[in-house]
Amino acid sequence: MTNSWLLGKPTIGLMTATYLVSLLALSHEVLWWVAMIGAIAIGWRWCYSVGKVMVFNRYLLSLICVAGLALLAISVTKSGLLITMINLLLLGYGLKFIELKQRRDVFFLVLVGILTVGVIIILYSDVLSAIKILPLIGLNIAILSVTCAPAMTTVQAIKQSAQLIAISVPLTVVLFLLMPKLPPLWDAAKSQQATTGLSDELSPGDIAELSRSDALAFSVTFDPGSQLPLRKQLYWRALVMDVFDGQRWRQSMDQKLWQQLGKQLTPMPPLPKTGGISYQVITQPTQQSWMVGLALPINDESEILRTPDQNIYATSAITATKMYRVTSYPSLMSEVVISDHVRQRNLTLVNGLNQQTKQWAIELRRSYPSDQAFISAVLSYFNQQQFYYTLSPPLLGENSVDDFMFGTRRGFCAHYASAFTVIMRAAGIPSRIVAGYQGGEWNSDVGYLNVYQYDAHAWSEVWLPAKGWVRQDPTASVSPLRIEQGLAQAMATENSFLSGSILSLAKHQNSPWLNNLRLSLANLNYFWDRWLLGYDKKLQYQLLNNMLGGVTTEKVISLTISCFVFIGLWLMWNAGFKIKRLSYNEKIDSLYLELCDELAKVGVRREKHVASQDYAQIIATRLPHAMSEVIELTEFYNNLNYASNLPATKSDYRQMKRLIKSLLNKI
Amino acid sequence: MNPLIVPIVEQINKQLLGKEYQIKQALCCLLANGHLLIEDAPGVGKTTLSHALAISLGLSYNRIQFTSDMLPADLLGVSIFDNTSGQFVFHRGPIFSQLVLADEINRTSPKTQSALLEAMAERQISIDGETYKLSDPFFVIATQNPLDHSGTYELPDSQLDRFMMRVSLGFPSIDAEKRMLQGHSIGLDNLKQVINPEQLKELQLGASQVTASDPILNYLLALVQETRVNSKYPHPLSPRASQAILATAKAWAFIENRKYVLPEDIQAILSAVVEHRLRHTNQQGGQSLGEHLLHSVNPLG
């Protein structure tokens with residue numbers, strides 16, 4: 001191999017490191033066999049660089065490519081288009097290691113590396129991914145440095161790329177703050193991969209699944225004026241489910257139709273003057289449209305709708321971290337009226353299922369004719385009988401509620417909410433299940449509330465005349481700790497909290513320094529989301545407004561243009577471009593050359609190599625009548641140019657002009 | 001022309017008719033304190049020119065006819081055992097003079113050539129552990145026949161580089177040759193010393209004090225750079241070559257009685273200074289590499 005620069009182990013080392021970091025950053029997306037092919041390619045490259053193996057067989061390479069494409073095509077159905085495309089990119093990235101033959105190939109590899117960085121940015125927007133991106137960019141630049149300047153050592157190249165990144169920081173800040181935020185030109189493909197979070201349907205196992213995840217669901221900052229609700233009041237409503245098929249709860253057809261067809265505005269109820277709780281929610285991407293809010297959230301942004309079942313709903317799925325403001329009026333819940341149709345739906349139970357429970361409810365109802373008394377009786381039943389709150393309940397049969405009520409008696413929120421709602425419906429009280437989150441972790445240092453996936457919760461709402469929809473949480477009767485102190489405390493004895501994830505920091509809330517570390521990371525994440533990802537058009541508008549004193553189109557356009565001009569000049573300056581004023585010597589030179597052009601028109605051409613003295617002689621022989629002027633001019637020019645080491649002055653320039661003029665007049 | 005130089009040129013010109021330009025070039029080389037190589041066919045006056053220069057400048061000179069059986073000792077000198085003192089005594093060779101006329105340098109073996117060229121570079125010789133300084137001023141004017149003549153040893157690149165200039169005399173014009181045949185040229189015996197070595201030193205000093213302005217240096221560098229970036233030139237010019245160009249251009253300007261260098265001065269000596277460094281002598285189209293170089297760089301602007 002003649003291209004010895006490619007054989008350099010440092011270069012290959014840098015490339016390998018870049019590839020591995022990329023894989024690591026995309027480890028959730030990458031298919032195992034794609035990583036395998038990459039490893040084979042890199043392994044071959046290493047062996048080749050030390051001379052252990054021969055050139056890779058071209059046909060074998062094509063075969064691997066075709067096989068890889070076929071495998072990807074198969075996996076499209078399973079993992080979705082986006083993930084497949086990412087894997088296609090990574091497959092090409094890995095196979096490129098075999099094809100490093102020319103310098104161009106290295107550039108291509110770096111380009112793919114940068115593209116991978118872009119993919120990481122599209123997929124993840126959290127702090128940790130951002131931290132992974134920096135070294136990736138640095139490594140890619142270092143590869144370029146080592147390739148273009150082979151004399152550079154790896155350490156020097158890495159240092160240089162760090163410098164380059166450091167230099168680009170101010171530029172980045174200016175672009176981030178001031179460049180107009182354009183809407184995306186195309187939609188990022190929705191990831192089909194299951195992100196942890198609530199879904200449209202709820203079966204008793206779902207919440208238990210969620211409680212294994214310590215991922216952040218959303219963060220909340222309450223407005224300074226608002227009264228901070230108690231922890232046990234923090235029921236973050238997300239979805240209302242009022243159709244039960246004996247196993248699963250799902251949203252009603254009305255709600256689905258509303259989502260698909262109408263999305264017409266639910267009429268705004270008259271807002272009470274007091275009692276509103278205002279807060280800001282920064283939600284992590286859910287790939288869904290529902291949004292969380294405390295009871296009866298009101299939001300007047302155009303891209304957030306109010307659903308008929310008293311929730312809020314985004315006009316498009318939340319694919320990126322999003323910030324929105326909500327004001328909640330708990331008292332409005334009591335003013336909700338329901339139509340007969342809705343009332344009927346909230347009383348419906350599947351015939352023939354859970355007969356034992358229905359019987360039990362009807363009998364109990366006889367002793368408690370008042371709705372309120374009946375509810376209290378059911379709740380105290382849950383409280384007094386041997387019900388256990390556990391994250392690992394036994395499986396239930398076809399009559400799931402019967403099995404639970406009179407058999408296992410072990411379950412968590414979804415079981416209790418489901419059973420409670422069925423009992424209510426059997427007793428003639430309209431009721432439904434609400435899925436969402438309960439509680440959260442209050443950070444008093446910074447003043448925000450973090451709600452994690454393990455805070456996911458399900459509870460019931462019953463409709464009482466004059467009181468409207470009233471929240472009833474049977475879980476609170478079974479395990480008050482869950483509501484008042486959170487899942488971690490409730491599960492302390494069972495030791496099942498986050499039992500799946502050994503490394504989770506949230507698990508070690510009893511170890512002070514680990515907990516501190518976790519809280520600091522949470523703070524960092526919060527600030528990241530709040531100030532970086534949350535910096536949207538609105539905030540930018542405010543900033544511009546403050547800067548410019550009133551935003552007008554002209555001002556924004558001129559600011560944008562001046563930004564571009566500034567950045568362009570700055571880049572030019574850095575690239576070594578400097579505006580240089582012509583010295584008088586240079587001006588006189590160009591005057592002389594212009595004269596040569598003039599004389600060429602009258603037939604006295606100056607050959608390229610002829611200098612002034614010889615040229616003067618040529619002119620003198622061809623144009624004898626102008627001889628004295630030519631000699632005077634040439635003498636002056638030679639004196640200025642060659643005799644004196646002093647720079648020419650303005651008067652010299654004028655003199656030269658005068659001499660040229662008199663010569664031209666003569667001919 | 002510089003009044004101090006005029007009589008020298010005139011006298012030599014009387015002997016070597018119609019070769020004023022070459023005479024000035026040769027003088028220019030000596031004023032720049034460089035060694036001179038005269039190359040041409042036999043019988044055009046190489047030796048005559050070198051003799052005339054030596055006599056006119058009043059330098060002590062030795063003429064060495066290089067032959068194929070010559071040894072370095074024949075040139076440098078030899079240590080001989082002296083019976084009376086019982087010691088080896090060094091007998092100085094012909095190189096110990098102010099001007100050495102090395103006739104037909106390419107006839108001798110490379111070994112002897114090397115001995116001469118080493119002495120030229122260092123201006124001293126070492127024999128038997130003793131170092132002997134050569135006289136000051138020390139010039140070598142070497143002549144050589146074109147290389148396609150049989151029985152010659154081509155000078156290697158590194159040694160050609162030691163000569164500041166290579167001058168070709170060429171055949172005289174018909175007029176000049178006729179006058180020569182008519183007996184108008186004066187003989188070697190009629191040559192007189194025009195200046196003494198001290199005056200020569202002053203002239204050298206004067207030549208070195210000629211100023212070269214920035215545009216001149218730029219032009220010089222553009223010329224040198226052209227040979228380095230253009231693949232047409234197989235042997236790019238070295239920094240020593242650019243020093244030689246500058247020194248000789250200054251000397252030429254001094255001969256032209258100017259205190260500063262003009263592009264024309266560089267052009268006047270360029271071919272003589274660079275041709276033997278660029279090596280390629282026979283070019284297609286009749287234009288030598290030196291001429292080609294001169295025509296491809298713009299001295300202005």
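Which residue in S11(A) is the bridge partner of Ile298(A)? I went looking, and in this predicted model the partner turned out to be Thr327(A).

**Entry 1: the sheet in chain A**

I started with the two strands behind that pair. S8(A) and S11(A), the latter covering residues 322-328, run antiparallel and share two bridges. Next I wanted the whole sheet they belong to. I found an open sheet of six strands in chain A, in the order S8-S11-S6-S2-S16-S15, with antiparallel pairing. I reminded myself that strands of a sheet pair through backbone hydrogen bonds, either parallel or antiparallel.

Then I checked the edges. They are S8 (297-298) and S15 (441-443) of chain A, and each of them pairs on one side only.

Which helix packs on this sheet? I noted helix H18 of chain A, residues 512-533. H18(A) touches S2 (216-222), S6 (277-283), S11, S15 and S16 (448-452) of chain A. I also looked up a direction: that of H18(A) makes about 105° with that of S16(A).

**Entry 2: a hairpin in chain B**

Val78(B) sits opposite His91(B), which belongs to S4(B). Between the two strands of this hairpin there are four residues, and I jotted down that Gly86(B) has a positive phi near 70°.

**Entry 3: where the chains meet**

The size of an interface is often given as the accessible area lost when the parts come together. Here I read off about 1,600 Å² buried between chain A and chain B, with carbon and sulfur atoms giving 57% of that. On the chain A side, Lys608(A), His609(A) and Tyr642(A) supply 45% of the area this chain buries against chain B, more than any other three residues.

Polar contacts do turn up: I noted seven residue pairs between the chains, both residues at pLDDT 80 or more.

Key. Residues are numbered from 1 along each chain as its sequence is written. Chains are lettered from A and ligands numbered from 1 in the order in which they are written. This is a predicted model: local features need pLDDT of at least 70, side-chain atom pairs count only at pLDDT 80 or more; totals for chains, interfaces and linings use all residues. Side-chain values use heavy atoms; hydrogens and water are left out. Buried area is the accessible area (1.4 Å probe) that two parts lose on being put together, summed over both. A polar contact is a pair of N or O atoms within 3.5 Å; within protein, one must be able to donate a hydrogen and the other to accept it, and residues adjacent in sequence count only if both atoms are side-chain atoms. Two strands pair if DSSP finds at least two bridges between them. Contact means heavy atoms within 4.5 Å. Axes are lines fitted to C-alpha atoms, for helices over the stretch in contact, and angles run from 0 to 180 degrees between N-to-C directions.
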